[in-house]
Amino acid sequence: MSSPAALFTDRSGWAPDGPPRAVVRARTVADVQRTLAEASRTGTPVVTRGAGTGLAGGAVAGPGAIVLDVSGLDRILGIDPVDGIARVEPGVITAELDRAAAEHGLMFAPDPGSVAICTVGGNIATNAGGLRGAKYGVTRDSVLALDVVLADGTLLRLGRDTVKGVVGLDLAGLVVGSEGTLGVVVGATLRLLPRPTRVATAVAYFASVAAAAGAATALGAAGLRPAVLELVDGKTLAAIDELRGTGHAGRGGALLLVQADGFGAGEEIAAVAAVLGRTARSVETTEDAGTAAALSAARRDALPAIEAKGRALIEDIAVPRSRLAEAVDGVHAIAAATGTDVFVFAHAGDGNLHPIILLGPGTAPGTIPPAERRAADDIFALALALGGTVSAEHGVGLLKRAWLERELGPDVLALQRRIKAVFDPAGILNPGKAI
């Protein structure tokens with residue numbers, strides 16, 4: 001069972017001023033409806049949570065709030081292999097859904113880094129992406145319909161079970177990524193895809209991050225769209241070496257991990273290797289699953305290796321893919337200017353960078369020292385200057401609300417807040433978060 005404190009914080013490390021008023025562990029949809037109806041009647045704030053793996057403070061609940069824990073709604077209600085859909089409750093662990101789909105030759109495409117512990121409901125709340133996003137998109141691309149309880153306890157079904165449909169506004173799509181501010185998701189109909197029968201992998205080392213980012217852009221220019229396209233910078237490679245005793249940093253200043261899938265995976269990875277070989281120090285390819293796992297380990301080890309050094313601020317900007325090299329170079333320049341420790345790895349296929357800012361030893365939970373705060377703000381400003389966004393997949397939560405108007409503009413932000421007021425007139429759903 002989770003410790004009491006774990007029920008009103010999340011992985012962001014943000015600490016509220018005190019414990020919440022109450023915690024409700026929902027086991028049925030009716031539990032959610034009753035909780036929200038009572039909260040609406042009394043004007044009590046409600047913070048919905050699942051596994052608490054969020055990185056933006058979206059599930060942090062302070063004094064006076066009710067924590068509505070929906071992790072107990074964790075059933076896979078059904079998988080239809082003919083229509084390629086799954087009906088699930090929000091507490092289902094993402095990797096468990098993917099394993100269940102695999103029994104039918106299918107897959108659930110979203111593949112966030114926390115896939116083994118995060119929930120489908122959390123993925124929906126933040127519109128999570130992941131390693132397979134380069135080819136298969138983000139969570140919104142896999143959501144067909146949602147069962148949503150509004151702030152007053154009303155249960156609605158939004159969307160449909162068909163792949164196509166244009167009747168009415170796309171309210172299900174609006175709820176995806178809304179971070180619990182519009183309603184509480186209690187069920188979802190999700191799109192499943194055929195599981196690839198072949199996977200081919202390439203790992204390439206480059207002299208510099210700029211060279212690796214340029215090669216990632218060159219793959220797109222060559223008309224190649226691999227399923228996975230990940231970049232790891234030299235600083236992160238050195239941290240992995242320190243943790244695992246490997247020798248990545250000696251092979252180059254950056255690494256690209258590329259995977260192709262489907263019937264033509266081998267042919268596609270050969271074309272990938274030809275493009276990467278123009279600028280890479282070395283390129284290795286394989287279609288063997290065991291060898292691929294070993295080659296892929298550096299990317300999977302990136303965050304654990306950084307976190308082994310201490311508490312970190314894990315960010316998630318995105319820029320146009322053509323400006324990836326500028327973004328990585330800019331992040332490194334910001335680190336030098338602020339005297340901070342910043343590591344970078346990226347979902348290079350969709351321009352999503354994770355600048356990881358290491359916080360000083362002894363930094364209290366919920367606090368960010370001035371130099372590290374300046375580095376984060378400068379990184380957000382860089383993302384916007386390059387035509388990007390301050391959050392690609394982690395959400396706004398508490399940590400990035402100050403940047404909303406700078407990215408959206410006052411008119412768009414005002415419209416979004418009017419839309420929230422339609423769903424949640426009393427403003428009780430996750431107040432002070434996202435929008």
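**Figure 1. Residue classes in the lining of the largest cavity.** The lining of the largest cavity comprises 4 nonpolar, 3 polar and 1 charged residues; Ala, Val, Leu, Ile, Met, Phe, Trp, Tyr, Cys and Pro count as nonpolar, Asp, Glu, Lys and Arg as charged, and the others, Gly among them, as polar. The residues concerned are Ser 12, Gly 13, Trp 14, Arg 311, Leu 313, Gly 366, Ile 368 and Leu 399. A cavity is a set of points, on a 1 Å grid over the protein atoms alone, where a 1.4 Å probe fits but cannot get out, and lining residues have an atom within 4 Å of a point. The volume of the largest cavity is about 40 Å³, a volume being the space filled by probe spheres set on the grid points, which are joined across faces, edges and corners. The model is predicted: local features need pLDDT of at least 70, side-chain atom pairs count only at pLDDT 80 or more, and totals for chains, interfaces and linings use all residues. Residues are numbered from 1 along each chain as its sequence is written, and side-chain values use heavy atoms, with hydrogens and water left out.

**Figure 2. An open sheet of 3 strands in the order E1-E3-E2**. The pairing is parallel, where two strands pair if DSSP finds at least two bridges between them. Strands (E, at least two residues) and helices (H or I, at least four) are DSSP runs, numbered from the N terminus. The edge strands, each pairing on one side only, are E1 (22-25) and E2 (46-49). From one strand to the next, the twist averages 20°; axes are lines fitted to C-alpha atoms, for helices over the stretch in contact, and angles run from 0 to 180 degrees between N-to-C directions.

**Figure 3. Pairing of E1 with E3, and helix H1 on the sheet.** Strand E3 (residues 66-69) pairs with E1 in the parallel sense over 4 bridges. Val 24 stands opposite Leu 68 in E3. Helix H1 (residues 29-42) packs on the sheet and touches E1, E2 and E3, contact meaning heavy atoms within 4.5 Å. The direction of H1 makes about 165° with that of E3.

Note on methods. 1 Å grid on protein atoms, 1.4 Å probe; cavity = no way out; pocket = protein on both sides within 12 Å on 5 of 7 lines; lining within 4 Å.
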